[in-house]
Amino acid sequence: MALRFVIIGGGPAGTQAATTAARLGAEVTLIERDIIGGAANLWDCIPSKAMIATGGQLMQLRHTTDMGLNAGAAQLDLVALRGRIEGIVDALQAGNRRLLESQGVNMVKGTGRIFDQQTVLATTAEGDLTFEADAIMVSTGSRPRIPDWAAPDGDRVLTTRDAYPPKELPEHLIVIGSGVTGVEFVHMFSSFGSKVTLIVSRQQVLPSKDPEVAAELENDFLRRGVSLFKGARAVGLDHTEDGGIAVRCDDGRVARGSHALLAIGSIPNVEGVGLDKVGVEMNGSWVKSLDHHLRTNVPHIYVAGDVSGKLPLASVASMQGRKIAEHVMGLHKVDHRHIDYEKAASAIFTEPEIADVGLAEADAFAEGRKVRVTKVPFVSLAKALINDDPRGFVKIISDPATGVVLGGSIVGQHAAELISVIALAVTASLRVNDIAESLFVHPALAEALAEAAE
Ligand SMILES: Cc1cc2nc3c(=O)[nH]c(=O)nc-3n(C[C@H](O)[C@H](O)[C@H](O)COP(=O)(O)OP(=O)(O)OC[C@H]3O[C@@H](n4cnc5c(N)ncnc54)[C@H](O)[C@@H]3O)c2cc1C
């Protein structure tokens, strides 16, 4: 009899685990209460990047004269934009469903919960269904964290999930939180033409990033007229008499605008999933301990994606789903490469785009580690001039003794694509010479990688 694998939550982790396990011969049931593809497709990665793509086009159209064109005035159409996002989400969901169907995955629309260690229950529109399981994976994702001093109403006080797009374009948006999500929303709405204020709790936007990288973004925000409230933590939010919003900060300052958007992190969806009921040890909303196969203390129950508390990225969630499915199917008994979260590439889809992977220069210096840092600005590159965007740089960090690439950062056009070369080098322990001796295309932005590797 085939191994019975039941997955609760059909985001990147759940869908990847389902296809991998089905391909390897498992009998797979995937329970999803919303859409196949998950919050990643419905609320997070995809709609945010679709909005950013539209904002990017709008900004380009406003600067066509720099490219020797006169294209007239471009207007944002919120209804058309909403339709475009829905179209992308539908197309991705249809593709995911086709793939899962073709592999014989049993997709169940409903809310799943672990009933006992061998049984998962799905509450569906047609009633409750039960599924016997030899292995169970919980990949129920996360949702925006709401502080007790704010009450999102989907109108003036928004979470990221109310913003695709909002009912009206904010005249003045106050973004609370300056991590990756916060800065992407600053960029998005400022490119649409909204005035934006960003509340930055530290002295640097993107506090966990290389200061040089964060400085490029801050300069761009300031150039675009974004107001930065640095070193200020939001502690209260009031509706004002004129229909606006006032955000109170702990240093006494008050940011005033027409709308506020909360971007202060996420919390895992574990309530009612039943992990604690079947003996999985919890520490609040998080699973207390996970081994490197992402197994809980109940060895046939795994967690993946944002609920695992590792790196909250769709790419990481998919990789976790794949590794778990392979482990469930017995592939990792001898040869297993653990996921090295430090080697995950990540990107921030602002303008300029930002991407990094592996060791950061600031972290190397903080650890007192000897590294070689080479940096090439895009301004020296033909393709950057042709594209009329010479902002940013490529930075490669390598081991001075061996030349092995340890990490890198890129700021500039297509950084999210270009970082793949450094990510491959970091994962495969390639040397800078391996990059320098590759024959890249000319003219191309990738030439900066070869130059930085020399
Ligand atoms: C605004 C924003 C933008 C982001 N952009 C990016 C990006 O560009 N790139 C990137 O890599 N990451 C991005 N992320 C992070 C990324 O979205 C998450 O890391 C990723 O979605 C996690 O995948 P997952 O499989 O854990 O779960 P999710 O994608 O959250 O999916 C979980 C699914 O489980 C379902 N579910 C929950 N409970 C139950 C239940 N009891 N029964 C049945 N189904 C259930 C939910 O309906 C959901 O569909 C972004 C996050 C945010 C907030």
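1. Domains. The domain assignment, whose bounds come from an automatic or database source, divides the protein into domain 1 (4-144 + 268-333), domain 2 (157-264) and domain 3 (352-453). Residues are numbered from 1 along each chain as its sequence is written. The model is predicted, and local features need pLDDT of at least 70, side-chain atom pairs count only at pLDDT 80 or more, while totals for chains, interfaces and linings use all residues.

2. Domain 2 and domain 3. Their C-alpha centres are 30 Å apart. Six residues of domain 2 contact nine residues of domain 3; two residues are in contact if their C-beta atoms, placed from the backbone, lie within 7 Å. On the domain 2 side there are three nonpolar, three charged and no polar residues. Here Ala, Val, Leu, Ile, Met, Phe, Trp, Tyr, Cys and Pro count as nonpolar, Asp, Glu, Lys and Arg as charged, and the others, Gly among them, as polar.

3. Ligand shell. Around the ligand there are 36 residues, of which Gly9, Gly11, Gly38, Gly141 and Gly305 come nearest. A residue is near a molecule if its C-beta atom, placed from the backbone, lies within 6 Å of it. Two or more residues each are given to this shell by α1 (12-23), β2 (27-32), α2 (38-42), α3 (45-62), β4 (111-116) and α7 (314-328). Helices (H or I, at least four residues) and strands (E, at least two) are DSSP runs, numbered from the N terminus. By class, the shell has 18 polar, 12 nonpolar and six charged residues.

4. α1 and α7. These helices pack at about 35 degrees, and their axes are 7 Å apart. Axes are lines fitted to C-alpha atoms, for helices over the stretch in contact, and angles run from 0 to 180 degrees between N-to-C directions. The crossing of α1 and α7 is right-handed, that is, the near helix is turned clockwise from the far one by less than a right angle. Residues in the contact include Pro12, Ala13 and Gly14 of α1 and Ala314, Ala317 and Ser318 of α7. The contact of α1 with α7 has nine nonpolar, six polar and two charged residues.

5. α3 and α4. Why is α3 called oblique to α4? α3 and α4 (residues 78-102) pack at about 135 degrees, with axes 10 Å apart, so α3 is oblique to α4. Angles under 35 degrees count as roughly parallel, over 145 as roughly antiparallel, 65 to 115 as roughly perpendicular and the rest as oblique. The crossing of α3 and α4 is right-handed. In the contact, Ile46, Pro47, Ala50 and Thr54 of α3 meet Leu81, Arg84, Ile85, Ile88, Val89 and Leu92 of α4. Eight of these residues are nonpolar, one is polar and one is charged.
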